[in-house]
Amino acid sequence: MEPFGRGGGGGRGGGGGRGRGHRSQSISRVTNIFLCLKVVVGNEQCGRGRGSEEKKQPQNSSPDSRSDYDSVGMGMAKLNIGDDVDKPSAAAAAVEEGGFDICHPKQPGSVVLKPPLLAQNRERRKSRSSNNNGIGLSLRPGMVFLKGYLSLSDQQKIVERCRELGVGVGGFYQPGYGEGTKMHLKMMCLGKNWDPHTSQYGERRPFDGAKPPHIPPEFQTLVTNALRDSNALVPQNRLPSISPDICIVNFYSQTGRLGLHQDKDESEDSLRRGLPVVSFSIGDSAQFLYGDHRDPDKAEKLQLESGDVLIFGGPSRNVFHGVSAIHPNSAPNLLLQQTNLRPGRLNLTFRQY
């Protein structure tokens, strides 16, 4: 109504030289026009108000509706015109419920600068070289190290899949022990849940009742291939194949670590047969410790880099192992550009119960 008011002021100023009667008729006429416009505009505003309220409160909506969650994709919420600005995305809601996003969320409208083509080709050649050379090292009886085994493409797919699962039901959380001590990592279980309080496996997480997501078939294929290639590259250190029904996914921040321990909570049959544990490393490098004792001063050291695969079974099935340090800023740049992975190390360990 402000533009009309300014126009009215001009009209009154323009009639200063006319008679008083003519001025009264003009004022009366303006007043009538003003009242008509006020009614029309008021009704139109009320109509818009009712329409906006109807949009905000659909007839069948409910506060607990999660219909937008399936459209989130990799944890990024859609932006709908009319939504409240402060309304959290589905990924943010999942994080509040216990999930953790291993990747930095991409900001709307942000532009990601790709590394120079020369740098991209260099990293791709390095990845292919490590993978195609078939570097397999026997660290000790029952323990095989496949250097750079996972291609950059495989690493990217693993990160993306873990991110998708990690922000959903049964996703990443910070585990702890009975006395309230928290572990220095985020954890997600696939297939079966492992409870650090009881050191036992189960079908659901005790603290929220969530059922662990299934192990993606592409992960199982990678495990099968790694064991097959391990036996081909290091025939003197052959290990039995497995059908993994457990995968523990840990994300270590740059200050993360894990003390020396044994993986001995699987079934007696699995341990007796020496069925191997298969470990994938992605992201920042880690200083890995292993040995026959819990004393870190007596442990062997091995640097695990992004794409490395470590397998231990047979006589090394109960080896003590842990992570003493994460090396910051050591992840492949191209992997970070493609996935937006947070600083830290993503580790997947597969086993058969």
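This is a predicted model: local features need pLDDT of at least 70, side-chain atom pairs count only at pLDDT 80 or more; totals for chains, interfaces and linings use all residues.
Student: What does the side chain of Ser270 reach, and at what distance?

Tutor: It reaches the backbone oxygen of Gln352 at 2.7 Å. A polar contact is a pair of N or O atoms within 3.5 Å. Within protein, one atom must be able to donate a hydrogen and the other to accept it, and residues adjacent in sequence count only if both atoms are side-chain atoms.

Student: Why does Ser270 count as buried?

Tutor: Its relative accessibility is 1%. Buried means under 20% relative accessible area, exposed over 50%, and partly exposed in between (1.4 Å probe, protein chains only). So 1% puts Ser270 in the buried class.

Student: Where does Ser270 lie?

Tutor: Ser270 lies in helix H7. Helices (H or I, at least four residues) and strands (E, at least two) are DSSP runs, numbered from the N terminus. In total, the protein has eight helices and 13 strands.

Student: Which residues is Ser270 in contact with, leaving aside neighbours within four places in sequence?

Tutor: They are Leu275, Gln352 and Tyr353. Contact means heavy atoms within 4.5 Å. Leu275 sits in the loop between H7 and S8. It counts as buried because its relative accessibility is 2%. Beyond four places in sequence, its contacts include Ile242 and Arg317. Ile242 is 33 residues away along the chain, yet the two C-alpha atoms are separated by 6.6 Å.

Student: What is the volume of the second largest pocket?

Tutor: It is about 640 Å³. Grid points are joined across faces, edges and corners, and a volume is the space filled by probe spheres set on the points. On a 1 Å grid over the protein atoms alone, a cavity is a set of points where a 1.4 Å probe fits but cannot get out. A pocket is an open set with protein on both sides within 12 Å along at least five of seven lines. Lining residues have an atom within 4 Å of a point.

Student: How many residues line the second largest pocket?

Tutor: There are 36, and Trp194, Leu258, His261, Asp263 and His321 lie nearest its centre. Strands S6, S7, S8, S11, S12 and S13 each give two or more residues to the lining.

Student: How do the lining residues of the second largest pocket divide?

Tutor: They split into 17 nonpolar, 11 polar and eight charged. Ala, Val, Leu, Ile, Met, Phe, Trp, Tyr, Cys and Pro count as nonpolar, Asp, Glu, Lys and Arg as charged, and the others, Gly among them, as polar.

Student: Where does UniProt place the feature "binding site"?

Tutor: The unreviewed entry places it at His261, Asp263 and His321. These residues spread over 61 residues of sequence but cluster in space, with a largest C-alpha distance of 8.7 Å. The lining of the second largest pocket takes in His261, Asp263 and His321. UniProt positions follow the numbering used here, feature names are shortened, and annotations may be inferred rather than shown by experiment.

Student: Why is Asp263 called buried?

Tutor: Its relative accessible area is 10%, so Asp263 is buried. His261, at 21%, counts as partly exposed. His261 is in strand S7, while Asp263 is in the loop between S7 and helix H7.

Student: What joins the side chains of His261 and Asp263?

Tutor: A polar contact of 3.4 Å joins them. Each also touches His321, as the contacts of His261 and those of Asp263 show.

Student: What is the phi of Ser199?

Tutor: It is near 55 degrees, a positive value in a residue other than glycine. Most residues other than glycine have a negative phi. Asn340 also has a positive phi, of about 65 degrees, and is not a glycine. Ser199 is in the loop between S4 and S5; Asn340 is in the loop between H8 and S13. Ser199 is partly exposed because its relative accessible area is 32%.

Methods. Residues are numbered from 1 along each chain as its sequence is written. Side-chain values use heavy atoms; hydrogens and water are left out.
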